[in-house]
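Here are my notes on the model, for you to check against the coordinates.

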Amino acid sequence: MFQWAKAVERGTEFDREHDGLTGVSRLESNIKMILNLAGNTLVNQHSDINQTTRLLRDETKCEFILCSDLFMTPSARYADLLLPATSVFEGDNIVNPWIGGSYLLRNNQVIEPLFGCRFEWEWLKEVADRLGYYREFVDGKEETESWLRENYEIMRRREPELPDYETFSAAGGWRYRDGRVHVAFREQIADPENHPFPTHSGKIEIFSPDLYRLGRPEEIPAIPRHMPCLEGPEDPLTQRYPLQLVGWHTRRRCHSIHDNNQWMDEVEAPALWIHPEDAGARGIGQGDLVEVFNDRGKVRIPALVTERIMRGVTAMSQGGWYRPDRQGTDTRGSINVLTDGDHPSPLAKGNPQHTNLVEVQRAGN
């Protein structure tokens, strides 16, 4: 998923071994069309925002972008077609927490959709009809309520404690009563003979033959060991950008959700955490406006000088909405202006967003 931006530019060069391609051995074309539903990953939550937006502006690459959302997010600003979505108050749904959660929630519709907004399912099935795939798409369930009821009954077969659908809907949710706790590998521990691990031996393996056969020990070793990170403290780039920048989750929003609610700044305002020694060496005081920069971009943000972060490391909460000024400097604390979009994690091809080298200076210097 992380490499979608690369696939806009060179998707036909992707392969299974080096790019983690799944499902097919090759892509027949680069990505030419994007449907972005209820998400801010198109721009804001994807690494190297400046590089990403350069790709999205070039209509010879990705030719059509559709976004459906509640708000004019940084991602929605790059849509060719922008559709107004419904909120949780305007439709029915079932919501579950992360794995191991102790409850299940039901969203019950309280108002009709406003201003012509539509839940994505309603127009997606119309598109499927135009393409001649309506029957396959709806699978006998033309209304969202039918999907909710069927999926709930499937869950009830696995979770017999759940009440009937009508009781659950009327209550608005259900808290599990058995007090169970999710324990990883419980079955393998209790009964290893009948619940082997998905390895060649059925046991936990220290040495991985599969990783060994990849033949890339310099980045994917066959045994657990320390591997220096790109843009980590051992990278020669520290001579130019000596400070490590990490991202973290702030209490004032969930990922990027609610960053447009300015009242939440009273909970925690955007700031760059920096150690007093690093701040003092750069003439930076508490609350000073600073510029955080590297070769990928620049962010202007107030400094939070604190000993709660170690010397040589800075931190900026992830999820701030990208808000560039006329010179392209972000003014809202969007960390992905500074993160690397070219080098995903070697094995999982995931976000490399916690190893970034930067320099910091007082704004205007």
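1. Patches first, since the rule matters: they are built from residues with over 30% relative accessible area and no salt bridge, joining like charges within 9 Å and nonpolar side chains (Val, Leu, Ile, Met, Phe, Trp, Tyr) within 5 Å. Areas come from Shrake-Rupley with a 1.4 Å probe, and for residues only the protein chains shown count as cover. On that basis V88, F89, V110, I111, L114 and F115 make a nonpolar surface patch of about 650 Å².

2. Some housekeeping. This is a predicted model, with local features needing pLDDT of at least 70 and side-chain atom pairs counted only at pLDDT 80 or more, while totals for chains, interfaces and linings use all residues. Numbering runs from 1 along each chain as its sequence is written, and side-chain values use heavy atoms, leaving out hydrogens and water.

3. Overall picture: the chain has ten helices and twelve strands, taken as DSSP runs numbered from the N terminus (H or I, at least four residues, for helices; E, at least two, for strands). The C-alpha trace spans about 65 × 60 × 50 Å along its principal axes. Of the 365 residues, 39% are buried, where buried means under 20% relative accessible area, exposed means over 50%, and partly exposed is in between (1.4 Å probe, protein chains only).

4. The accessible surface comes to about 22000 Å², with 55% belonging to carbon and sulfur atoms.

5. F115 sits in the loop between β5 (103-107) and α4 (120-130) and has a positive phi of about 55 degrees without being a glycine. Most residues other than glycine have a negative phi. F115 is also exposed, at 78% relative accessibility.

6. Which other non-glycine residue has a positive phi, of about 60 degrees? That is K349, in the loop between β11 and β12. K349 is buried, with a relative accessible area of 12%.

7. Salt bridges (a side-chain nitrogen of Lys or Arg within 4 Å of a carboxyl oxygen of Asp or Glu) number 29. One of them pairs E268 with R251 at 3.6 Å, N to O. Both residues lie in the loop between β7 (243-248) and β8 (272-274), so the pair ties together parts 17 residues apart in sequence. E268 is buried at 18% relative accessible area, whereas R251 is exposed at 65%.

8. R332 and D265 meet in a salt bridge at 2.9 Å, N to O. R332 is in the loop between β11 (313-317) and β12 (356-362) and D265 in the loop between β7 and β8, so this bridge ties together parts 67 residues apart in sequence. R332 counts as buried, at 7% relative accessibility.

9. R362 and D288 form a salt bridge at 3.7 Å, N to O. With R362 in strand β12 and D288 in the loop between α10 (276-281) and β9 (289-294), the pair ties together parts 74 residues apart in sequence. R362 is partly exposed at 37%, and so is D288 at 21%. Elsewhere, salt bridges with shared partners join R252, R253, D259, D265 and R332 into one network.
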